[in-house]
Amino acid sequence: MIRWLLWIAGGILLGGIVHLATVLAMPRAATQDAYSRLVPMTPVNSMVPLPGPTAKSSIMPFMDPAFAAAVCRYDLASGSIKLSAPVSDAYTSVTFYTRNSVAYYAINDRAAGKRAIELDLMTPAQHAQVPEEQDVTAADRLIIDSPTTTGLIVLRALAPAPSLMPMARQALAAAQCRSEPVE
Amino acid sequence: MRLLFGSFFTFLLAAAIGLGATWFTLTRGIAFGSMTIGAWTAWPRTGSQDIDPYAHASIARDGELPIGIGDGVAFFARADDKGRELDGRCTFALSGMTPPARYWTVTLYNARGGLVANAIDRHGFTSQEIIRDVDGRFTIMVAPQARPGNWLPTGGIERFVLVWRLYDTPIGVATATMKEGPMPAVDRKGCS
């Protein structure tokens, strides 16, 4: 009897470990995460518009239908990324996600404080190699460190009414995401 | 022999408990650091690097990209103010005030996060297109059949989810204070 209780206690303890391990492994093991869903429709290091959600299809769950979106699936292996996005009349935001869907940085048009959002995205190693005077003198040069080499930059522009959706899409069409090869 | 039996039983039990608990927590969407105002719950930390392991596992599994802190915050409602589930065959009134934000949107989804087909192709409202009364207050009627004013169609589905997104807002950013803002009331008006 006591022996069986011990077996049960061992099973519960081991079950707890299995539970924690599977939860922690899920972001890496998931095959249908946002990045994987976007791979077939997005080339690397270029900004492409995303089709908005409809009742029939939606690339990701819980997309906001009031927004036009564009995505840059980046890979910093060959150099840093220069992002420039003109802001729309209503509201524009840029969100950076790691390969595993963690939103590590987000900025909106007002916080950017200019007519366009301009950012440099680097790995911490690439950031360390930026000459210091360049880092200081170019005060308007916002540098973001990416925790992972690959990831997603998602640009969103609000269409305050459905009739304004073409304008929001147009604002995003001018956005650029360029790889700057290391010299 | 007994050792073999015992260890087999233990591993089976461990797998059942471990995988069962993982499945349970991920399908229920358990996450820490929630912020509840009336019928609405948000998880501001899910949009930052401080995301907890459960929320992280759940968004990776569902393929969602959470709204980033610095962009906005998303409040989810799966039940009304009295805790009754949101049934698309019933009529609900969303009314009152919203916390300060430059813009907001409200969207109706099915339980899996997809939009719901309806005759007028409306899936939500933005703060700009809503019809307000003279005091600036508004009422959105979430109903299967057409309503005058702000009508958000449910398509008659069994369960729906409402998501209220605040963009450029102090809510959720100042997580230390968790200062509550007013959120619209969700009242069930009757079922057809």
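In the predicted model, R89(B) touches P144(B), G156(B), C191(B) and S192(B), when residues up to four places away in sequence are not counted. This arginine is found in the loop of chain B between strand 3 (72-77) and strand 4 (90-96). R89(B) counts as exposed because 12 C-beta neighbours lie inside 10 Å, and the exposed class covers residues with 12 or fewer. The C-alpha atom of R89(B) is separated by 31 Å from that of V134(B), a residue 45 places away along the chain.

In chain A, the domain assignment gives two segments, domain 1 (1-29) and domain 2 (34-181). Their C-alpha centres lie 41 Å apart.

The contact between the chains takes 47 residues from chain A and 51 residues from chain B. On the side of chain A that touches chain B, the elements giving two or more residues are helix 1 (2-29), helix 2 (34-38), strand 4 (92-98), strand 5 (103-108) and strand 8 (150-158). Of these, helix 1 of chain A gives the most, with 15 residues. By residue class, the side of chain A that touches chain B divides into 29 nonpolar, 14 polar and 4 charged residues.

Two of the strands on this side, strand 4 and strand 5 of chain A, also pair with each other. They run antiparallel and are joined by 5 bridges. Within this pairing, F96(A) stands opposite Y105(A), which belongs to strand 5 of chain A. The two strands form a hairpin with 4 residues between them, and S101(A), in the turn, has a positive phi of about 70 degrees. Strand 5 of chain A is largely enclosed by the rest of the structure, because 5 of its 6 residues are buried. A residue is counted as buried when 20 or more other C-beta atoms lie within 10 Å of its own.

The largest nonpolar core has 88 residues, and I153(A) and L155(A) are those with the most contacts inside it. Strand 2 (residues 67-75) of chain A gives the most to this core, contributing 7 residues. In soluble globular proteins, nonpolar side chains tend to be buried together. With neighbours within four places in sequence left aside, L155(A) is in contact with A69(A), A70(A), A85(A), V94(A), L172(A) and A175(A).

How values were computed
Residues numbered from 1 in each chain as written. Chains lettered and ligands numbered in written order. Predicted model: local features only at pLDDT ≥ 70, side-chain atom pairs only at ≥ 80, totals over all residues. Domains from an automatic or database assignment. Core = buried A, V, L, I, M, F, W, Y, C linked by C-beta atoms within 7 Å. Contact = placed C-beta atoms within 7 Å. Nonpolar A, V, L, I, M, F, W, Y, C, P; charged D, E, K, R; others polar. Pairing = 2+ DSSP bridges.
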